[in-house]
Amino acid sequence: MAIHNSLNFGKEITLTIDGKECKSTFGKTIIDVARENDIYIPTMCYLTKVKPIGACRMCVVNVEGVEGAILSCQEKATDGAVITTDNKELYTERQNIMKLYNVNHPLECGVCDKSGECDLQNKTMEFGLEEQPFTTRDQHRPVENWGHVSYDPALCIMCEKCVRVSTEITGDEALKLHFGGYSSTIVNTKIEKNYASLGEAAAVCPVGALVDTNFKYSTNAWELEKIPSACPHCGGGCQMTYEVKNDTIYRMTNNFEFTSLCGAGRYGFDYANKNVSKDAKAFEKAVSAVKNAESILFAPQITNEEALILQKVKELTGAKLICAEAKAYQKFMRAYSSVTGKALYSGSLKAISESTAIIVLGTKIYDDAPTVKYHINMASKWHRARVAYMHPLEDLEMKNIVTQFIKYEPQSEEGVAALLVEMLLRDMEVPENVKAFLDDLDIGNLSAESNVGEEELELLRKSMLKKHGFSLIVGADLYAHPRAEQIAKILALVEKYTDFNVVCVPPAGNAMGVSLICDLDDEVTGKTVGYNAEADFTLSALGGGDLDMPALNQQEGTLTTNDKRVVPMNVAQPYGGYILNDIANALGLDAEYTIAYTKTLPSEKGFEDVEFDSLPDYFDTVGNEYRGYLLNERETSVDKTLEEVAELDGFDGAVVYTCNPKEQFSAFTNLCEPLKEEAFLVGSSQFSQATKLSDGESVSFIIDGVTFKRVFKIDTSMKGTIALNPTYDMGLSTPLVSSYRFSRIEIQKVGS
Ligand code: SF4
Ligand code: SF4
Ligand code: FES
């Protein structure tokens, strides 16, 4: 057996596999090196994105000088090793394993949902098994309906992939193994939660044991056309494939070896604007409305190309462009860049998953950006990362990975950022102006006003002392904060003077792309046109507007992801109406298709001069991502001024937090049947007492001019006087709600 010396990790090695000379680096397993070199080793339990499971033994190989077969998924490749992946003995061993897998497995594949894409079916054929030589007394094990997914224990081969995904990737920790010989099963320990994230566990199931309930028995896998695309919901732009037949999307799949989808990506696909035809009169009115609009309001659920069209319309007509969330993010990032000297944040999702200490500030991250939460979870599971979660509300769904909740008062984020930065930079060499800023901080006062105890920060500091690989994740609570730009400058000091991996998670949709492409304005004036936003004249992909528009799954174009990647989306559903490009052409612009704009996305903002049809969209055999391209880094001018931290204006009494629940991001996710849920104002018993509201009481309140009518629900697991108010059900008004997420509002009772 090889001795693993960590000092050798990354060292170049050369070995021979099946007579082929293979170069790689030390630290990789034999199967990794084989795959890098296009050499096939059969597996049943291997899943690249989790740690090796070691349950199937199909991956056995011989290593010269080592007695017996070894597991290539577990054993590190060593310099000079001579490896054989296939010979008569190995074939027989694998064949015997397949015989055991087939004990009592009903090979009546014609009635199984997985037929045509089943690993067991494929390998049964690959290893020439024409009969099932062994049986054992079987028992009745009924199919279990777990909500979004269904589990058939009779088909389960106990490969453990689903359990690992539930634990290591999504972190819902719902699935567990239950051992019991031939009656071993997988158990859903949180069945009442009906986690949509279990769709990811079903995706990796190699057989028909764990399947999407809605997809089950709906069609044969081989009848579906696969249309590669990117998820438009949270800003993650996760890789996904629409699977379509007769213009109906049957399911979403993903390259599950390397990527993951949250429940919204997996089940939030049926939001197309259907049965639309060309309404010439409405189109004429739309052209005239856009021509005469003083302000164009839009939701961030648009492609980069459409954002560029709007920018060009602005240049043509002089209209203001209003996308409030993207504007807030743009301002924040400009202030941030003025300290770092770089236009984008430096961090990446991969670096989050490799961190051993992570600080989350100003975001309900699981709800805001599930894929970021998944990477935090990976760090927690793989590196026992210390995770500090700084927010006015504890997120109980994060409890299993957060090691320290640090609660602060709403609106005290500037003080919290200052306290955090002072703690992180205290012993670092920093320029005079930064030192002066830190020295001037009144720590005691900031701590008292924000409610963040000095001892809590000290605990955090100590817990990070022996760690390496740090991440700071900041989010949407900060962008629309009245002091957002100052907060950005304070936090940018972390990126500038430490080796933290910093990610400023953009708001949902394509807010990142919009913030880079459009010259956005602040105030709405005059006649308005809205694109998926309520206005005097509304262009709507949600229906109910003055002119229909295509939804994002009916368009070609690109999105900019929170990992700073420009990724392609393709058409999954037909659309028969007019599109934004038609309006722009009628106004005098000239592009045959919207994707003609892909190659003209602004290079000075980091985009590349590439034709849409030339954008790559794949992962190689070892998981390197070739989807679109990464935004180019750009330098920006530096401004050294740091303002004094402003007097903190804390909120007293009952406060409402604008926040969508898991898997809801906009009016588009809300259109999707599997995700539909009623929206409530949800608060603790304490909130109920403070506001004198009873459970079930109907209330009304106004935020950003939008009137909410809600039923109040008490959630006994919540504490404090902050209630959660979602916006995803507000249709065309949703994008209008974009101010600082905590509001002190006047709640009117409207009778129960
Ligand atoms: S349900 Fe599927 S993924 Fe889970 S252990 Fe069984 S076969 Fe493997
Ligand atoms: S909603 Fe976000 S995390 Fe979920 S699949 Fe889509 S991009 Fe990925
Ligand atoms: S792939 Fe190695 S034991 Fe299953």
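Reader: Which residue in β5 does Val63 stand opposite?

Author: The model is a predicted one. Strand β3 covers residues 60-63 and strand β5 covers residues 82-84, and the two are joined in the antiparallel sense by 2 bridges. Within β5, the residue opposite Val63 is Ile83.

Reader: In the hairpin of β8 and β9, which residue takes a positive phi?

Author: Strands β8 (residues 175-178) and β9 (residues 185-188) run antiparallel and are joined by 4 bridges. Leu175 stands opposite Asn188 in β9. Between the strands lie 6 residues, and the one with a positive phi, near 60 degrees, is Gly181.

Reader: What is the bridge partner of Thr560 in β25?

Author: An open sheet of 3 strands has the order β24-β25-β28, with antiparallel pairing. β24 and β25 (residues 565-569) are paired over 4 bridges. In β25, the bridge partner of Thr560 is Val566.

Reader: Which helix packs on this sheet, touching β24 and β25?

Author: The helix in question comprises residues 304-317, and its direction makes about 95 degrees with that of β24. It is helix α8.

Reader: Are helices α13 and α15 oblique or roughly parallel to each other?

Author: Helix α13 (residues 413-425) and helix α15 (residues 443-450) pack with their axes 9 Å apart, at an angle of about 135 degrees. Roughly parallel would require an angle under 35 degrees. The two helices are therefore oblique.

Reader: How many residues of the contact of α13 with α15 are charged?

Author: From α13, Gly415, Val416, Ala418, Leu419 and Glu422 take part, and they meet Ile443, Leu446, Ser447 and Ser450 of α15. The contact divides into 5 nonpolar residues, 3 polar ones and, as charged, 1.

Reader: Does α9 pass α18 in a left-handed or a right-handed crossing?

Author: The axes of helix α9 (residues 324-340) and helix α18 (residues 484-497) come within 8 Å and cross at roughly 40 degrees. That angle makes α9 oblique to α18. The crossing is right-handed.

Reader: How many charged residues has the contact of α9 with α18?

Author: Among the residues of α9 that meet α18 are Lys331, Phe332 and Tyr336, and the residues of α18 in this contact include Glu485, Leu491 and Lys496. By class, the contact has 10 nonpolar and 2 polar residues, and the number charged is 5.

Reader: How many residues of the shell around ligand 2 are polar?

Author: Residues around ligand 2 include Cys231, Cys234, Cys238 and Cys262, together with His233, Thr371 and Phe665. The shell has 7 nonpolar residues and no charged ones, and the number polar is 5.

Key. Residues are numbered from 1 along each chain as its sequence is written. Chains are lettered from A and ligands numbered from 1 in the order in which they are written. This is a predicted model: local features need pLDDT of at least 70, side-chain atom pairs count only at pLDDT 80 or more; totals for chains, interfaces and linings use all residues. Side-chain values use heavy atoms; hydrogens and water are left out. Axes are lines fitted to C-alpha atoms, for helices over the stretch in contact, and angles run from 0 to 180 degrees between N-to-C directions. Angles under 35 degrees count as roughly parallel, over 145 as roughly antiparallel, 65 to 115 as roughly perpendicular and the rest as oblique. Contact means heavy atoms within 4.5 Å. Ala, Val, Leu, Ile, Met, Phe, Trp, Tyr, Cys and Pro count as nonpolar, Asp, Glu, Lys and Arg as charged, and the others, Gly among them, as polar. A residue is near a molecule or strand if one of its heavy atoms lies within 4 Å of it. Two strands pair if DSSP finds at least two bridges between them. A crossing is left-handed if the near helix is turned anticlockwise from the far one by less than a right angle, and right-handed if clockwise.
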